[in-house]
Amino acid sequence: METRELRYFVAVAEELHFGRAAQRLAMAQPPLSRAIQQLERRLGVVLLHRTARAVALTEAGSVLLREARVALDAVEAAERRTRRAATGPPGVVLATKAGASSELLSKLLDAYAAEPGAVAVEVMLCGPGEQEGLLRDGRADVALLHRPFDTTAGLDTEDLHTEQQVLVLPAGHPLANRPYLSTAEVTTLTDLPLPRWPRRDGGYPDGPGPQVRDHTQLFQLIALGRACALVPESLRAQLRDDHATVPVPDAPTVTTVIAWPPHSRSKAVADLVRTATRL
C-alpha cells in the first residue's frame, strides 16, 4: 500500500462522505472513488459499505483506519526526525504536560545532565493530552504520560510513579474537613461541577462544568467556587491557601510513565529512559 492510498482512505473513513473527503483532499471525487475501489480489490476485502444515502465502515475498514493512522503518523514522524537531525546539534525533545510531574521532571533533568555523554534536552510544556501527539508525530523524542488519561498503545513505556487522586475544593467549603470522599459523592456536587477538558479534536464534552485548558485556569476557577477537580496527589504542591484537598481513595490511581517510539534507536533517548527508571 502507498501512503497516498492510506491518506485517501483515512479521509473517506473519517468523513464517511466521498464528496467531503474529496474536498478535504483538494481533488475531484471520481478519482478518489476509483482509488478506494482499487485498494479494496488489491486487499481482497470490502472496506466501506456504500448506499445512495450513506457510507459506513466495515469491520475490515475499521481495522485499516486504525492501522493507517499509526502508519501515517510514523511516516510523518520519520520525516520530522530526519529534518531535525540534519539541522542542529544532537539533542532530545521531551514533551510533558505543564504543571504535571514537576518534581520528577526537575530531578530527571538534573540526573541526566550529570551522565557522561548527556546531550541537550529541550522541554516542551503542553496542554492535557498534547504530549502524546507530539511524540507520535515526531515533534518529541520522549514524553512523560499519565495513565489512565493518556493512551500509550503502540509506544514503549516504563512506569515511574503511581499515586492516588485527591479532590481540590475551595477553602472553607463544607466538605473540606472530611477525612475522605467517594467518587460517587464527588459526582453529586452540583454546586461545584467537575471541569470539562478538551477532547483530541479540540471540542469539549457536554456537561455542566466549566471548560478548562490548563491547571492554572482550573485552580483559579476552584478558588472562585465555580468548580472542583480530581487531580494527582502530587499537584498539592501547586495549590494556594484558598484551596483545600480531600483524599478520594476509590478514584483510579494515576501512573506517570516515560514513553518513546518503539522503533527509536537513539542512545540519548535510551540514556534518558534509564535515568528516569533509576529515579
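What follows is a short walk through some helices and strands of this predicted model.

**The helices**

Let's begin with helix H1, which covers residues 3-15 and includes Glu-5. Glu-5 has a relative accessibility of 5%, and because buried means under 20%, Glu-5 counts as buried. Setting aside neighbours within four places in sequence, Glu-5 is in contact with Leu-39 and Arg-42.

Next up is a pair of helices. Two packed helices are described by the angle between their axes and the distance between the axes. Here, helix H2 (residues 18-25) packs with helix H3 (residues 29-43) at an angle of about 105 degrees, and their axes are 9 Å apart. Angles of 65 to 115 degrees count as roughly perpendicular, so that is what H2 is to H3. On the H2 side, the contact is made by Phe-18, Gly-19, Ala-21, Ala-22 and Leu-25, while H3 brings in Gln-29, Leu-32, Ser-33 and Ile-36. Sorted by class, this contact of H2 with H3 has 6 nonpolar residues, 3 polar ones and no charged ones.

Now for the strands. Strands of a sheet pair through backbone hydrogen bonds, either parallel or antiparallel.

How many residues of strand E7 (residues 165-170) are buried? The count is 6 of its 6, so to speak a strand that is mostly covered. Both faces of E7 are covered: on one side sit Gln-165, Leu-167 and Leu-169, on the other Val-166, Val-168 and Pro-170, and all are buried.

E7 pairs with strand E8 and also with strand E9.

| Strand pair | Sense | Bridges | Residues standing opposite |
|---|---|---|---|
| E7 (residues 165-170) and E8 (residues 229-232) | antiparallel | 4 bridges | Leu-167 and Leu-230 |
| E7 (residues 165-170) and E9 (residues 243-247) | antiparallel | 5 bridges | Val-168 and Thr-245 |
| E3 (residues 91-97) and E5 (residues 142-147) | parallel | 2 bridges | Leu-94 and Val-142 |

Key. Residues numbered from 1 in each chain as written. Predicted model: local features only at pLDDT ≥ 70, side-chain atom pairs only at ≥ 80, totals over all residues. Heavy atoms only, no water. Buried < 20%, exposed > 50% of the residue type's maximum accessible area, 1.4 Å probe, protein only. Contact = heavy atoms within 4.5 Å. Pairing = 2+ DSSP bridges. Axes fitted to C-alpha atoms, helices over the stretch in contact; angles between N-to-C directions. Parallel < 35°, antiparallel > 145°, perpendicular 65-115°, else oblique. Nonpolar A, V, L, I, M, F, W, Y, C, P; charged D, E, K, R; others polar.
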